[in-house]
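Visitor: Hi, could you walk me through this structure? I'd like to hear about charged pairs, the ligand and a few single residues.

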Amino acid sequence: MIVNRTILTLDEFTLQQLRAFPTATGELSSLLRDIGLAAKRVNVEVNKAGLVDILGDAGAVNVQGEDVKKLDIYANNQFMGVLKHGISCAGIGSEELDDVVVFDDEVSNNSKYVVLFDPLDGSGNIDVNVSIGTIFGVYRRVSEIGKPCTAADFLQAGNRQVAAGYIVYGSSTMLVYATKRGVNGFTLDPSIGEFSLSHPNIKCPPSGKIYSVNHGNFFQYEKSVQQYINTCQKKDKTNGGPYTQRYIGSMVADVHRNLLKGGIFMYPGTIDKPKGKLRLQYECNPFAFITEIAGGKATNGKQRILDIVPTELHQRSPLFIGSINMMNELEEYLKQA
Ligand code: AHM
């Protein structure tokens with residue numbers, strides 16, 4: 001029988017994936033649908049941020065010592081809220097909160113997963129109308145099911161993620177998520193208010209022509225990184241170039257672009273901040289998982305990101321991530337350091 005179909009929505013897609021595993025409980029599908037719902041709510045506020053009094057600093061400082069923007073708080077509450085009221089999540093860790101939140105009710109204590117997220121990444125770009133995003137990683141808990149989740153659930157290496165994803169609030173709003181089975185992208189269709197499958201089975205091109213790094217920090221980077229950047233600048237037709245430098249300052253948008261078009265994104269350590277700026281659990285791990293599943297690579301310059309076992313919740317890490325051939329070339333320079 002031929003059934004006339006339109007594009008699959010996120011909910012339909014996750015259910016379709018579920019049908020392939022008759023023994024699956026549906027908890028992950030349900031969790032992804034919850035995240036999709038929170039993303040739609042945040043999207044509405046991001047879109048009207050210029051019109052209402054939701055812009056600007058909330059007057060508080062987060063655990064990283066950075067100003068918290070009002071939309072950050074709103075996004076944090078939305079993602080935390082859907083996960084708390086859902087049936088799949090035992091607790092969360094958020095870049096905006098000092099400590100993890102253990103949901104500790106009967107349903108949550110019996111849930112398999114914990115989620116770590118950055119509710120609104122690139123928040124410095126909110127008030128200038130530039131793309132921002134949400135990033136999340138989903139882990140199977142290591143603590144005993146039936147009891148409240150524990151700190152150990154949130155200090156797992158990134159290679160233990162069962163899913164990871166991001167939402168980019170850009171010229172369109174997109175939700176991209178990865179499981180071990182692949183990376184799929186959904187664009188929010190405003191006419192029906194649903195994320196619809198627009199980018200099935202995303203693969204990161206093995207090579208690209210884009211390098212993304214904060215050039216303002218150039219003289220703070222170690223020599224080998226400087227040498228690689230110089231190489232990027234000198235590329236020409238004879239060796240895969242010329243390259244283009246693109247740096248939005250919203251990691252979600254920068255890495256999303258490179259994932260689709262091919263490229264490399266770097267946030268190296270600097271003399272002042274040897275561990276760089278990005279957070280391992282909220283930013284590096286989800287993107288490393290997605291990028292590896294898509295065929296790319298992610299390291300901290302010395303080690304695979306996904307193999308780092310975190311020792312604290314808000315740990316920072318240098319990050320080099322992107323197309324496999326570009327990463328391999330970068331690593332030749334880093335090895336010489
Ligand atoms: P945020 O946590 O304040 O949103 O900062 C994270 C952002 C990333 O999205 C981006 O890649 C980076 O900070 C840019 O930092 P810099 O301005 O130092 O290049």
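Visitor: Before that, what should I know about the model and the numbering?

Guide: This is a predicted model, where local features need pLDDT of at least 70, side-chain atom pairs count only at pLDDT 80 or more, and totals for chains, interfaces and linings use all residues. Residues are numbered from 1 along each chain as its sequence is written, and side-chain values use heavy atoms, with hydrogens and water left out.

Visitor: Great. Let's start with the ligand: which residues are closest?

Guide: The closest are Asp121, Gly122, Tyr247, Met251 and Tyr267, out of 14 residues that surround the ligand. Being near here means that a heavy atom of the residue lies within 4 Å of the molecule.

Visitor: How many of the shell residues are nonpolar, polar and charged?

Guide: The shell has 4 nonpolar, 5 polar and 5 charged residues. In that scheme Ala, Val, Leu, Ile, Met, Phe, Trp, Tyr, Cys and Pro are nonpolar, Asp, Glu, Lys and Arg are charged, and the others, Gly among them, are polar.

Visitor: Where does the ligand lie relative to the domains?

Guide: It lies between domain 1 (10–199) and domain 2 (210–336), because both give residues to the shell. The domain bounds come from an automatic or database domain assignment.

Visitor: And which atoms lie by the ligand's oxygen atoms?

Guide: A polar side-chain atom of Asp121 lies 2.5 Å from an oxygen atom of the ligand. For Asn214, a side-chain N or O atom is 2.8 Å from a ligand oxygen, and for Ser123 a backbone N or O atom is 3.1 Å from one. Taken alone, the ligand exposes 470 Å², and the protein buries 84% of that. Those areas come from the Shrake-Rupley method with a 1.4 Å probe; for residues, only the protein chains shown count as cover.

Visitor: Switching topic: how many salt bridges are there?

Guide: A search of the whole structure finds 11. The criterion is a side-chain nitrogen of Lys or Arg within 4 Å of a carboxyl oxygen of Asp or Glu.

Visitor: What does the Glu95 one tie together?

Guide: Glu95 pairs with Arg279, with the closest N and O atoms 2.9 Å apart. Glu95 lies in the loop between β3 (89–94) and β4 (101–102), and Arg279 in the loop between β13 (263–267) and α7 (280–293), so the pair ties together parts that are 184 residues apart in sequence. Helices (H or I, at least four residues) and strands (E, at least two) are DSSP runs, numbered from the N terminus.

Visitor: Are those two buried or exposed?

Guide: Both Glu95 and Arg279 are buried. Buried means under 20% relative accessible area, exposed over 50%, and partly exposed in between (1.4 Å probe, protein chains only).

Visitor: What about Glu332 and Lys335?

Guide: They form a salt bridge too, with the closest N and O atoms 3.1 Å apart. Both lie in helix α8 (residues 324–335), 3 residues apart, about one turn of the helix. Glu332 is partly exposed at 41% relative accessibility, while Lys335 is exposed at 62%.

Note on methods
A polar contact is a pair of N or O atoms within 3.5 Å; within protein, one must be able to donate a hydrogen and the other to accept it, and residues adjacent in sequence count only if both atoms are side-chain atoms.
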